[in-house]
Amino acid sequence: MRHYGLTGTIRVLSSEVECTAEVTLLSGDRLILKTSARPEGRDSFRFQVAALAGLEGASGFAAPHLVRTGAGTLMFEEEEICGYLQTRLSGLSLHQVNATPDVCYRVGQALGRLSLALEPLTLPAMHRPVLWHVGCWPRLMELEEHLQSEPVAASVRLAMGNYVELIKPQLREVAWQVTHNDPSPFNTLLAGQGIAFIDFGDGCWGPRIQDLVVAASHLVTDPSLALGGSENLIAGYASVTPLSTLEAKLLVGLMKARHSALILINYWRAELFPAEAAYIKKNVARAERGLSILSALSVGEADMAVRRAGP
């Protein structure tokens, strides 16, 4: 009421860092309210609202629309709390539907268009520290003690070692831009005939290919396929935003490193926040399976599989 002149019922949703709530107005319309009392929350929200504002008018995908405050600002800031209000998009998240080859291809195309829409943006706090940023991955093996399976730990060590020694030094040669950084099946919606992306909280400045790495890694589930079922999403993305030769070469290694980062971070965070452990670890089993599938590929086989998946 103070910042937007609105009233309604509020229902708190599951989230890890910021507080996320669904607001149902008297009219029946539903919005999402995000608030934070953490000092780092201000920079995160400044990035998020600027990203959403920058995507207004983009085509080929959907994203939440910001509700401006009564003063016309993108977010509100008080002495101890800050936040913003956005529309709540209707649709099913990708993890709730049958991810057919056609659906995966269309998600890949929409993700490619999201990358193109984010490319020209220069946003506040885009260089802020983000745990999921590729620059943090070399230090994540400090969390190895939290892993509960030695076979998984061995695969994680191998994937992260390969990332640090062979992949990270080459990332300076690929294109960098603002990225969503977490287009997982939980943050990807099938909204009518279109594809929508939500939750830009992990967004930052990173390798352009990072969004494809994240989205594709979540689809690696079928050991009978070279890339585990991520082929169609990769093909859809590349049909809109073609991969450079180096990006294609690094893709599978980055996917394995992303699987490893997800495993390490979420086992650690689940111990820090046991009440939210189920929510935090919702993607861990998928990541462990995906890492196992991709680890069976040699470097040459991985590069060839990505090239075959391209348009």
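The radius of gyration is taken over C-alpha atoms, and the globule rule is 2.2 Å times the number of residues to the power 0.38. With 311 residues, a compact globule would by this rule have a radius of gyration near 19 Å, and the protein chain, at 19 Å, agrees with that value. The structure is a predicted model, in which local features need pLDDT of at least 70 and side-chain atom pairs count only at pLDDT 80 or more, while totals for chains, interfaces and linings use all residues. Residues are numbered from 1 along each chain as its sequence is written, and side-chain values use heavy atoms, with hydrogens and water left out.

Along the principal axes, the C-alpha atoms of the protein chain fill a box of roughly 60 × 40 × 35 Å. The protein chain has nine helices and 11 strands, these being DSSP runs numbered from the N terminus (helices H or I, at least four residues; strands E, at least two). Of its 311 residues, 50% count as buried, where buried means under 20% relative accessible area, exposed over 50% and partly exposed in between (1.4 Å probe, protein chains only). Of the contacts (heavy atoms within 4.5 Å) with a separation of 6 or more, 72% are between residues 24 or more positions apart.

An open sheet of three strands has the order β7-β9-β10, with antiparallel pairing, two strands being paired if DSSP finds at least two bridges between them. Because β7 (92–93) and β10 (194–197) each have a single partner strand, they stand at the edges, and one side of each is left without a neighbour in the sheet. Two bridges join β7 to the antiparallel strand β9 (residues 188–191), and the partner of Leu 92 in β9 is Leu 190. Helix α2 (residues 101–118) packs on the sheet, touching β9 and β10, and its direction makes about 55 degrees with that of β10; axes are lines fitted to C-alpha atoms, for helices over the stretch in contact, and angles run from 0 to 180 degrees between N-to-C directions.

Helix α6 (residues 245–272) has 28 residues and reaches 41 Å from its first C-alpha to its last, close to the expected 40 Å, which is 1.5 Å times one less than its number of residues. A bend of about 40 degrees occurs in α6 at Leu 251, given by the angle between axes fitted to the seven residues ending there and the seven starting there. Since 23 of its 28 residues are buried, α6 is largely enclosed by the rest of the structure.

The buried residues of helix α8 (residues 284–294), including Val 284, Leu 291 and Leu 294, pack against α3 (150–167) and α6. Asn 283, in the loop between α7 (277–280) and α8, counts as buried at 8% relative accessibility. Residues up to four places away in sequence aside, Asn 283 touches Phe 186, His 218 and Leu 262.
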